[in-house]
Amino acid sequence: MPSYKLTYFNGRGTAEIVRLVLAAAGMEYEDVRLEQDQWPELKPNTPMGQLPILEMDGTMLCQSNSIARYVAKLAGLAGKTPLDQARVDMVMDGMVDMGNKFAYEIYYEKDEDKKAEKKKDYVEKYVPQFFSSLNKLASDGGYFAGDELTLADIAFYNMVTMVNPYLEQPLSLDGFPNLEKVVDNVTSNPGIAKWLKERPETPY
Amino acid sequence: MSSYKLTYFNGRGRGEPARLLFAAGGIQYEDHRVEFAEWQALKPKTQLGYLPMLEVDGTTTISETLAIARFVAKLAGMVGKTPLDEARADMVVDVVKALFDKIVTLHFEKDETKKVGLQKELFEKTMPTSLGNLEKLASAEGYFVGNSLTWADVYFYHVTDMITANYPDLLKDYVNLNKVVGNVKSNPGIAKWLKERPETPF
């Protein structure tokens, strides 16, 4: 049994999707959380100078979604057929779009007026439209691919909970019953439920 | 035998990775190109409101550029031979996509001051860092994963193909990366496609 070591800073950030998948998979791993001053020494020894990284058996992987997909594959959470796997990938990519849009238009926007305007747009126009499409993709049992939990469901939950703390109110799932079911399925997965109770409280 | 229909605009853009991979795999598909005029009417009927889209056997639709590309790469046996190789390919694609996204953002930025700042950051920091890292990840034989062509190589070629139109010296000093581009262009299926594909402005 290889040993897995995940390295990130002391926060949820871009590593949390990996931690959630590892939890759902019931896989043991070392959850290394670096202080900012420990990072410069490690940085040149990582594949792309970024965190998170996953190490096992002398190999290092980076890029949070690639790591998450790899772990999901090992745990049978990546989708059972090439087509299901593509459905999972599609939702994950959609989550990246949603996150990038938030980061670029809102999080990194320095002009306060512009920021407020973009936030309004995001919450009142973009998200409801996108959630409407996503609600059609999710089954009424609350799964994006097949009829059991996959990385896609976890990715949706992760993105929504990542963005929510920066908004005046959490994003609403009213009118999107399938998406509500997705979130339920994720939070009630035994491994994930345990992790959500035990994980360190961090500002991000 | 499954049937595949790829829908995108009449250009390379985000449709081309799938087209290159269909070509590399020698897989038949319908290359449906939508004019911008048709798009407004088509948009509400699409799965996520944007293109590209891949329809499989007329029954299932997949959206998202990379999800489609990875799926076609699987059909063509070009994703990597083990879960770890697949992850390495994914990792490379993620980095190349991030670079491409920055270029697209720069291209569409209307605020002149912001544009100058983005350009500076892109060319003085992001590009050299990413290309430097990618150069280390590519083998001396010109493959990002193992010793045969994977979709990581093809996607890298596609993005640099899009960029070098405006920045011809992009890969000037990168030996391994130039080898990757050479390997992609000389793949028989891809070489044929590069000769035959429609000339388009993007």
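**Exercise 1. The interface**

How many residues does the contact take from chain B and from chain A? Describe the interface that they form.

*Solution.* The model is a predicted one, in which local features need pLDDT of at least 70, side-chain atom pairs count only at pLDDT 80 or more, and totals for chains, interfaces and linings use all residues. Residues are numbered from 1 along each chain as its sequence is written, chains are lettered from A and ligands numbered from 1 in the order in which they are written, and side-chain values use heavy atoms, with hydrogens and water left out.

Step 1. Chain B supplies 33 residues to the contact and chain A supplies 29 residues, where contact means heavy atoms within 4.5 Å.

Step 2. About 2700 Å² is buried between chain B and chain A, with 59% of it on carbon and sulfur atoms. Buried area is the accessible area (1.4 Å probe) that two parts lose on being put together, summed over both.

Step 3. The interface of chain B and chain A holds four salt bridges, each defined as a side-chain nitrogen of Lys or Arg within 4 Å of a carboxyl oxygen of Asp or Glu. Glu109(A) is joined to Lys114(B) by a salt bridge whose closest N and O atoms are 3.4 Å apart.

Step 4. Between chain B and chain A, 13 residue pairs are in polar contact (both at pLDDT 80 or more). A polar contact is a pair of N or O atoms within 3.5 Å; within protein, one must be able to donate a hydrogen and the other to accept it, and residues adjacent in sequence count only if both atoms are side-chain atoms.

Step 5. On the side of chain B that touches chain A, the elements giving two or more residues are β4 (60-63), α3 (65-75), α4 and α5 (112-137) of chain B. Of these, α4(B) gives the most, with 13 residues. Helices (H or I, at least four residues) and strands (E, at least two) are DSSP runs, numbered from the N terminus.

Step 6. By class, this side of chain B has 15 nonpolar, six polar and 12 charged residues. Ala, Val, Leu, Ile, Met, Phe, Trp, Tyr, Cys and Pro count as nonpolar, Asp, Glu, Lys and Arg as charged, and the others, Gly among them, as polar.

**Exercise 2. The nonpolar cores**

Which residues of the largest nonpolar core touch the most other members?

*Solution.* Step 1. A nonpolar core is a set of buried Ala, Val, Leu, Ile, Met, Phe, Trp, Tyr and Cys residues joined through side-chain atoms within 4.5 Å. Buried means under 20% relative accessible area, exposed over 50%, and partly exposed in between (1.4 Å probe, protein chains only).

Step 1. The largest nonpolar core has 130 residues, and Phe131(A), Phe156(A), Leu131(B), Phe144(B) and Phe156(B) touch the most other members. Helix α4 (residues 83-108) of chain B contributes the largest share of this core, 12 residues.

Step 2. Beyond residues up to four places away in sequence, Phe156(B) touches Val96(B), Leu131(B), Leu134(B), Phe144(B), Leu171(B), Leu177(B), Val180(B) and Val181(B).

Step 3. Another core, of six residues, lies apart from the largest one and includes Tyr8(B), Phe9(B), Val34(B) and Trp39(B).

**Exercise 3. Two loop residues**

Where is Leu51(B) found, and which loop holds Asn189(A)?

*Solution.* Step 1. Leu51(B) belongs to the loop between α2 (36-42) and β3 (53-56) of chain B. Leu51(B) is buried, at 6% relative accessibility.

Step 1. Residues up to four places away in sequence aside, Leu51(B) touches Thr7(B), Tyr8(B), Phe9(B), Trp39(B) and Thr46(B).

Step 2. Asn189(A) lies in the loop between α7 (177-188) and α8 (190-198) of chain A. Asn189(A) is buried, its relative accessible area being 15%.

Step 3. Neighbours within four places in sequence aside, Asn189(A) is in contact with Ala24(A) and Leu149(A). A polar atom of the Asn189(A) side chain lies 3.0 Å from the backbone nitrogen of Ile192(A).

**Exercise 4. Salt bridges within the chains**

How many salt bridges does the structure hold over all chains? Locate selected pairs.

*Solution.* Step 1. Over all chains there are 27 salt bridges.

Step 1. Asp89(A) and Arg69(A) meet in a salt bridge of 2.9 Å, N to O. This pair links distant parts of the chain, with Asp89(A) in helix α4 (residues 82-107) and Arg69(A) in helix α3 (residues 64-74) of chain A, 20 residues apart. Asp89(A) is buried at 4% relative accessible area, and Arg69(A) is buried at 5%.

Step 2. Asp101(B) and Lys97(B) form a salt bridge with closest N and O atoms 3.0 Å apart. Both lie in helix α4 of chain B, four residues apart, about one turn of the helix.
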